[in-house]
Amino acid sequence: MNNSKDMPKIIELDYNASNKWKAKTMVAAPPIEYDRLMRKVPYGKLVTTDILRKTISKKYSVDIACPLTCGIFINIVAWASYQRKDDIIPYWRTLKTDGELNIKYPEAIKLQKKLLEQEGHIIISKGRKNIKYYVKDFEKSLIEL
């Protein structure tokens, strides 16, 4: 996580990518950027992947932050925190853009659900076959970073 390799990498999007993302420039930020932001979310508050991406794109003065690397790196942060006894990062407070819990976090939905409920959030389920879990009224607990 601490090895940034050649990141951040600013990318000028080609015509097709520009049309797809409605942007001209994109940054692939290193995992440590996501670690730094996810640490800032206080007890009882939430962020979404969209908020993280907007914060990072603003920092690097580009149109968007790469959604693919964002998803990968928030999961790296979550698993790194889960595997440590000290220096816990409250990764469970980072939701998908629509308030959905992240099945790729440690212990799938079970642990994230438990930790969010301990902080006073209400978790609801949607669907019958492909059940997904969401924080009820998550927008009320969102913070800007």
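These are my notebook entries on a few residues of a predicted model.

Ground rules. I number residues from 1 along each chain as its sequence is written, and side-chain values use heavy atoms, with hydrogens and water left out. As the model is predicted, local features need pLDDT of at least 70 and side-chain atom pairs count only at pLDDT 80 or more, while totals for chains, interfaces and linings use all residues.

Entry, cysteines. I looked for disulfides (a pair of cysteine sulfur atoms within 2.5 Å) and found zero. Cys-66 is in none, and its nearest cysteine sulfur, that of Cys-70, is 8.4 Å away. That distance is too far for a bond. For burial I use relative accessible area with a 1.4 Å probe and protein chains only: buried is under 20%, exposed over 50%, partly exposed in between. Cys-66 counts as buried because its relative accessibility is 12%; Cys-70, at 2%, is also buried.

Entry, Thr-94. I placed Thr-94 in strand 5 (residues 94–95); strands are DSSP runs of E, at least two residues, and helices are runs of H or I, at least four, numbered from the N terminus. Thr-94 is buried, at 0% relative accessibility. Leaving aside neighbours within four places in sequence, I listed its contacts (heavy atoms within 4.5 Å): Met-38, Val-47, Thr-49, Leu-52, Ile-74, Tyr-105 and Gln-112.

Entry, Ile-72. I found Ile-72 in helix 4 (residues 67–82). Ile-72 is partly exposed, at 41% relative accessibility.

Entry, Asn-3. Asn-3 lies in the segment before strand 1 (9–12) and is exposed at 52% relative accessibility. I also checked Lys-114, 111 residues apart from Asn-3 along the chain; their C-alpha atoms are separated by 31 Å.
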